[in-house]
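I opened the model and made a list of things to look up. The notes follow in the order I took them.

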Amino acid sequence: MSLPKSDLTKKADQRTAMDLGPVLPKTAEVRDGHLFIGGVDMVKLAHEQGTALYVFDEADLRDRMEQYRESFAELYPNSDVLYASKAFLNKEVLRIANEEGMCLDVSGGGELAMARAVGFPMERVFVHGNNKTERELREAIEAGVGRRVLDTRIELGRVSRIAGELGVTQKVLMRITPGVEADTHEYIKTGCEDSKFGFTMLGDFAFGCVGDVLAAPNVELTGFHCHIGSQIFALHSFREAVQVMVEFAARVKERYGLEIADLDMGGGLGIAYAADDAPSSIREFAECTAAAMKEYCAEYGVAEPRLLVEPGRSLVANAGVTLYTIGVMKTLPNIRKYVGVDGGMSDNIRTALYDANYEAVIANKAADPRTEIVTLCGKHCESGDAVVLDGSLQHPDLGDIVCVFGTGAYCYTMASTYNGQPRPAIVFVRNGAFRVVTRRETYEDLMARDI
Ligand SMILES: Cc1ncc(COP(=O)(O)O)c(C=O)c1O
C-alpha cells in the first residue's frame with residue numbers, strides 16, 4: 001500500500017500551536033516556545049521518558065466526563081453515561097471513569113478483566129460484542145455484570161443456558177441495527193442495514209426475536225441498544241435513530257406488553273481532528289438526544305425509559321497526544337517531504353486504516369508558524385505507514401519533538417508491536433506534574449509469551 005499522491009499546490013497554514021483551537025487538550029499552552037500540557041513541558045517530558053509517548057491531559061479527560069454526566073443529568077435525569085473502554089483502556093482511565101460516576105461499556109473478556117481488576121462496580125458494566133465466546137459470556141454473567149447486550153439469537157440461547165447453570169437471571173438488552181445512515185467513514189458506520197452487528201430490522205426480524213428473548217428462561221429483557229457509527233458530526237442522525245428506536249419500543253409495547261426500562265443509544269459523537277473541524281459539543285449532543293427522547297416517547301406513547309449513551313472518542317481523543325522524535329528526513333522534489341518519526345502505524349493505525357487526519361506541531365518550536373507541508377511517516381516496513389499526510393508543520397530539524405494532537409482514542413487500544421516495536425508508555429499530566437500510568441513495553445515483554 002502506498003500513500004495517496006501529494007497535492008503539491010497545498011500551502012502551509014502558518015498557524016502556531018495555539019492557533020489549533022479545538023484539537024488542543026484543554027490545558028495546552030506555550031511557554032518560551034515550548035508546548036506545555038497540564039503544566040508540563042512536553043519537550044522535557046519527551047527527553048526524560050523517551051518517545052514515542054502517549055500523553056493525556058487528566059483535567060481535560062475529567063472535564064469531558066463531567067460535561068457528559070452533568071448535561072445528561074440536567075436534561076434527562078433518568079440517564080447514565082457509559083465510558084466506551086474500547087476507545088482507550090488502561091487501569092488508570094478505568095479508575096477515573098469510576099471516580100467520575102460513569103458506567104462502563106466493555107466488549108471483550110480482557111476489557112472486563114481489567115474492569116474487575118480495578119474494582120469497577122459490576123452492576124454498572126454493560127457487555128457488548130457480536131461474537132462472545134462461551135468463556136467470555138460465562139465470566140460476564142458470573143461477575144454479575146449489569147447488562148449483556150445480545151447481538152444474535154444464537155447468543156440468546158447461550159446466555160439463557162449459562163445463566164440457568166449459574167442459577168441467576170441475566171438482564172439483557174437487544175442490539176438493533178436501526179438502518180440509519182450516519183454521516184461518517186464506511187468502516188465505522190455500524191447502524192446501517194449491511195452490518196455484522198445486532199438484530200436487523202429488515203423483514204421485521206428484530207421484532208420477531210423480541211418474542212424469543214421474552215420467552216427464554218433466565219434472561220430478563222430490559223430494553224434495546226443501537227450504535228449508528230462513530231465520528232459523527234450530524235446530530236440529526238442521532239435524532240433519527242432515537243425515533244426509529246422509540247417507534248420500535250412502541251410496537252413492542254403494543255404486541256408484547258413490554259414497557260422498556262432502558263434505551264441505549266450508543267456512542268459516536270465526532271471530535272475535531274483538524275483545526276477547522278467543528279463538531280457538535282457534548283452539551284449539544286445531550287440536548288439533541290434528550291429532546292428527541294422526550295418528544296418521540298410522547299408521540300409514540302412510550303413511558304420515558306432510562307437513556308444510556310456510550311461515548312468513547314469524544315471523551316478521550318482530544319485529551320491525548322503522541323510525542324515523537326524526528327529521526328530522519330527526505331525530500332523528493334515534486335513528490336513530497338518525508339519527516340520520519342520513531343513510531344507510526346504501530347502506535348497509530350488510524351491514518352493507514354481510515355485516512356485519518358491529524359494536526360501536528362514541533363513542541364520545541366510551538367510558538368513558530370507552521371511554514372512547511374510535510375508527511376510525518378513512521379518507522380515501519382510499509383509504504384503506507386504515515387501518521388500525518390501532507391500536514392502543516394514548523395520547519396523540522398533532526399531531534400525535534402513532534403506532538404500529534406487528538407490521538408487519545410483508538411490509537412493505544414489498536415496499537416501493535418509490528419516490526420518488534422515496543423508499545424509506548426502512557427503518561428498522565430496534571431497541575432504541573434506527571435505520572436507514568438502504563439510503562440513502556442520492553443524487548444522482554446515482546447518475548448514473554450514465547451515458549
Ligand atoms: C457499541 C459501541 N458503543 C460505543 C462505541 C463508542 O463510539 P465512539 O468512540 O465513537 O463514541 C462504539 C465504537 O465503535 C461501539 O461499537
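Entry 1. I looked up Tyr338 and found it opposite Thr375 in E17. The model is a predicted one. The strands here are E15 and E17 (residues 372-377), and I noted that they pair in the parallel sense over three bridges.

Entry 2. I then turned to the other pairing of E15. Strand E14 (residues 320-332) and strand E15 (residues 336-341) run antiparallel and are joined by six bridges. I picked out Val328, whose bridge partner in E15 is Gly340. Between E14 and E15 there are three residues, and the two strands form a hairpin. In the turn I found Asn334 with a positive phi of about 60°.

Entry 3. I checked another phi value. Asp204 has a phi near 60°, which is positive although the residue is not glycine. I located Asp204 in the loop between strand E10 (199-200) and helix H7 (205-215). I also looked at a peptide bond: the one joining Thr51 and Ala52 is cis, with omega about -5°. Ala52 belongs to the loop between helix H1 (42-49) and strand E4 (53-57). I wrote both cases down because most residues other than glycine have a negative phi and most peptide bonds are trans.

Entry 4. Which strands stand at the edges of the sheet that holds E1 and E3? I read the order as E1-E2-E3, an open sheet of three strands with antiparallel pairing. Strand E1 (29-31) and strand E3 (40-41) are at the edges; each has a single partner strand, so one side of each has no neighbour in the sheet. I counted three bridges between E1 and strand E2 (residues 34-37), which run antiparallel. Arg31 is opposite His34 in E2.

Entry 5. I looked at a helix pair next. Helix H5 (residues 134-143) and helix H6 (residues 153-166) have axes that come within 10 Å and cross at roughly 50°. H5 and H6 are therefore oblique to each other. Their crossing is right-handed. On the H5 side I listed Glu134, Leu137, Arg138, Ile141 and Glu142, which meet Arg158, Val159, Ile162, Ala163 and Leu166 in H6. Sorted by class, this contact has six nonpolar, four charged and no polar residues.

Entry 6. Last, I asked which residues come nearest to the ligand. Of the 17 around it, these are Ala84, Ser230, Gly267, Gly312 and Arg313. The shell around the ligand has nine polar, four nonpolar and four charged residues.

How values were computed:
Residues are numbered from 1 along each chain as its sequence is written. This is a predicted model: local features need pLDDT of at least 70, side-chain atom pairs count only at pLDDT 80 or more; totals for chains, interfaces and linings use all residues. Axes are lines fitted to C-alpha atoms, for helices over the stretch in contact, and angles run from 0 to 180 degrees between N-to-C directions. Helices (H or I, at least four residues) and strands (E, at least two) are DSSP runs, numbered from the N terminus. Angles under 35 degrees count as roughly parallel, over 145 as roughly antiparallel, 65 to 115 as roughly perpendicular and the rest as oblique. A crossing is left-handed if the near helix is turned anticlockwise from the far one by less than a right angle, and right-handed if clockwise. Two residues are in contact if their C-beta atoms, placed from the backbone, lie within 7 Å. Ala, Val, Leu, Ile, Met, Phe, Trp, Tyr, Cys and Pro count as nonpolar, Asp, Glu, Lys and Arg as charged, and the others, Gly among them, as polar. A residue is near a molecule or strand if its C-beta atom, placed from the backbone, lies within 6 Å of it. Two strands pair if DSSP finds at least two bridges between them.
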